[in-house]
Amino acid sequence: MRRATTAASIVLMSAAVMALASATPAFAVTPNVYNSIPSTLPGNIPSQPFQAQQTNEFGDMIKFAPGTSSTLKAVRVVMSSWACETGAWNTNDCVTTPGATFSIPITFSVYQVNAGTPPTKGTVITSVTRVFNIPYRPSASVECTGDNLGKWYSAADDTCYNGFANTILFKFTGLHVTLPTQAIYGITYNTSGYGYNPEGYDNPCNTATEGCPYDSLNVGAYAGLPSRGTDKYPDGVFLNSSNAGVYCPGDTGPTDTFRLDDGCWTGYNPLVRFTVKAA
């Protein structure tokens with residue numbers, strides 16, 4: 001009787017293990033192979049400025065989780081816009097027509113990883129430039145007073161903000177990009193003085209109160225551990241800045257080079273989502 005009961009238990013346990021094994025892929029394999037974007041995005045998030053911190057490119061080194069395939073479909077990036085249609089965020093007179101936007105080309109690149117200590121950027125796997133219509137941040141709100149004067153009010157999270165979080169989407173349809181196990185990625189765009197082809201300081205917007213809108217555009221950088229995939233350097237990012245003071249304290253590496261900056265970025269990594277095609 002004991003032997004019969006034991007055999008029956010083994011059969012039941014085997015069936016349970018088989019059922020679990022067959023069910024696991026349906027839950028584990030998704031189109032998202034890396035995701036550090038929170039499920040609910042607040043009105044704004046901390047971000048990496050390009051113009052204000054002399055940045056030319058900003059990104060990270062990541063490892064991809066299993067997906068439905070390894071063919072890249074799209075990448076979503078969170079941006080933070082501090083630009084006002086008239087006035088400025090720091091003069092407490094921001095005015096924006098609801099729905100108003102400004103256009104800017106932004107480039108997203110994926111690189112191979114050169115092994116080493118530290119690892120370095122390798123050859124380009126793919127690089128896509130798209131022109132995006134970025135929303136201006138909303139007008140200053142009457143709800144925001146005192147230390148919050150000049151900010152806009154987000155009813156969704158009952159908070160006043162200077163910047164406005166929004167997402168952009170890079171599509172890789174038709175490019176047949178095969179992702180490796182891990183990669184370095186970078187985001188770049190041009191401001192008046194920075195980016196790889198700066199706009200210069202002689203444009204009409206440089207003399208306006210509100211300034212040039214691209215000078216008030218940042219890349220969202222506020223994440224814990226990603227919900228999919230692995231951040232290879234959770235306390236670091238890949239950064240190209242012309243200002244040595246933007247890098248972590250004690251860093252003695254070169255400026256104007258897209259390289260690992262490690263040791264002071266915990267909780268402030270770029271917010272991105274990589275999606276692959278269906279198998």
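Predicted model: local features only at pLDDT ≥ 70, side-chain atom pairs only at ≥ 80, totals over all residues.
Set-up. I number residues from 1 along each chain as its sequence is written, and side-chain values use heavy atoms, with hydrogens and water left out. Local features need pLDDT of at least 70 and side-chain atom pairs count only at pLDDT 80 or more, while totals for chains, interfaces and linings use all residues.

Disulfides. I looked for pairs of cysteine sulfur atoms within 2.5 Å and found 4 disulfides. Counting bonded cysteines along the chain, I get the pattern 1-2, 3-4, 5-6, 7-8.

Cys84 and Cys94. The sulfur atoms of this pair lie 2.2 Å apart. I read -115 degrees about the S-S bond, a left-handed link. Cys84 is buried at 3% relative accessibility, and Cys94 is buried at 2% (buried means under 20% relative accessible area, with a 1.4 Å probe and protein chains only).

Cys144 and Cys160. Here the S to S distance is 2.1 Å, and the link is left-handed at -100 degrees. Cys144 is buried with a relative accessible area of 1%, and Cys160 is buried at 14%.

Cys205 and Cys212. I find the sulfur atoms 1.9 Å apart. The S-S torsion is about 85 degrees, so this disulfide is right-handed. Cys212 is buried at 2% relative accessibility.

Cores. I took a nonpolar core as a set of buried Ala, Val, Leu, Ile, Met, Phe, Trp, Tyr and Cys residues joined through side-chain atoms within 4.5 Å. The largest has 44 residues, of which Val77, Ile106, Phe108, Phe170 and Phe274 touch the most other members. A second, separate core of 7 residues includes Met61, Tyr111, Ile184 and Leu260.

Notes
Buried < 20%, exposed > 50% of the residue type's maximum accessible area, 1.4 Å probe, protein only.
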